[in-house]
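User: I would like to learn how to read the features of a structure, one by one. Please give the general idea first and then the case at hand.

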Amino acid sequence: MTPVIESAAAVPAVLKSMTRLGSDMLALPFDVAREQYAKSVRAGLVERSLIASARFEHTISALERLALGCMARRY
């Protein structure tokens, strides 16, 4: 193949990578909140509870979907 065709074939992969990177950057504040919650639990500042953890994750996920819309990650 010629270089132009090869580079044109790579465009979808590059766009997918850029979209993923943008999504990860927009989700960074939510990841920080999750990490802070985990550190608070380990430090004993927040009760160690599966129910409380699930509620927190549900709330953060809902906020992430609300704030980011279609750019929110789906787990």
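Predicted model: local features only at pLDDT ≥ 70, side-chain atom pairs only at ≥ 80, totals over all residues.

User: How many helices and strands does the chain have?

Analyst: Helices (H or I, at least four residues) and strands (E, at least two) are DSSP runs, numbered from the N terminus. Here the chain has three helices and zero strands. Along the sequence the pattern reads α-α-α.

User: What share of the residues in the chain is buried?

Analyst: Buried means under 20% relative accessible area, exposed means over 50%, and partly exposed is in between (1.4 Å probe, protein chains only). Of the 75 residues in the chain, 17% are buried.

User: What makes up the largest nonpolar core?

Analyst: A nonpolar core is a set of buried Ala, Val, Leu, Ile, Met, Phe, Trp, Tyr and Cys residues joined through side-chain atoms within 4.5 Å. The largest one has five residues: Ala27, Phe30, Ile60, Leu68 and Ala72.

User: Which residues is leucine 68 in contact with, leaving aside neighbours within four places in sequence?

Analyst: Contact means heavy atoms within 4.5 Å. Once neighbours within four places in sequence are set aside, leucine 68 is in contact with Leu26, Ala27 and Phe30. For the chain, 56% of the contacts with a separation of 6 or more are between residues 24 or more positions apart.

User: How many aromatic pairs are there?

Analyst: Rings of Phe, Tyr and Trp (its six-membered ring) pair if their centres lie within 6.5 Å; planes under 30 degrees apart count as stacked, over 60 as edge-to-face and the rest as tilted. By this rule there is one aromatic pair. The ring centres of tyrosine 37 and phenylalanine 56 are 4.1 Å apart and the planes are at 10 degrees, so the pair is stacked. The pair links distant parts of the chain, 19 residues apart, with tyrosine 37 in helix α2 (residues 28–43) and phenylalanine 56 in helix α3 (residues 50–68). Tyrosine 37 is buried at a relative accessible area of 15%, whereas phenylalanine 56 is partly exposed at 23%.

User: How many salt bridges does the structure hold?

Analyst: A salt bridge is a side-chain nitrogen of Lys or Arg within 4 Å of a carboxyl oxygen of Asp or Glu. The structure holds three. In one of them, the side chains of aspartate 31 and arginine 34 meet at 3.3 Å, N to O. These two are three residues apart in helix α2, so about one helical turn separates them. Aspartate 31 is partly exposed, with a relative accessible area of 27%.

User: Where do the other partners of arginine 34 lie?

Analyst: Arginine 34 also meets glutamate 57 in a salt bridge (3.0 Å, N to O). That pair links distant parts of the chain, arginine 34 being in helix α2 and glutamate 57 in helix α3, 23 residues apart. Glutamate 57 is partly exposed, with a relative accessible area of 29%. A salt bridge also joins arginine 34 to glutamate 64, where the closest N and O atoms are 3.0 Å apart. This pair too links distant parts, from arginine 34 in helix α2 to glutamate 64 in helix α3, 30 residues apart. Both arginine 34 and glutamate 64 are buried. Through shared partners, the salt bridges join Asp31, Arg34, Glu57 and Glu64 into one network.

User: Is arginine 34 buried or exposed, and which residues does it touch?

Analyst: Arginine 34 is buried, with a relative accessible area of 16%. Not counting residues up to four places away in sequence, arginine 34 touches Phe56, Glu57, Ile60, Ser61, Glu64 and Arg73.

User: Is valine 41 buried or exposed?

Analyst: Valine 41, which lies in helix α2, counts as buried at 14% relative accessibility. Its contacts, leaving aside neighbours within four places in sequence, are Val46, Glu47 and Arg48. The C-alpha atoms of valine 41 and serine 53 are separated by 9.2 Å, with the two residues twelve apart along the chain.

User: Which residues make the nonpolar surface patch?

Analyst: Patches are made of residues with over 30% relative accessible area and no salt bridge; like charges are joined within 9 Å, and nonpolar side chains (Val, Leu, Ile, Met, Phe, Trp, Tyr) within 5 Å. Val11, Val14, Leu15 and Met18 make a nonpolar patch of about 370 Å². Methionine 18 is in helix α1 (residues 3–26) and is exposed, with a relative accessible area of 53%.

User: What is the accessible surface of the chain?

Analyst: Accessible areas come from the Shrake-Rupley method with a 1.4 Å probe; for residues, only the protein chains shown count as cover. The chain has about 5,900 Å² of accessible surface, and 68% of that belongs to carbon and sulfur atoms.

Definitions and conventions: Residues numbered from 1 in each chain as written. Heavy atoms only, no water.
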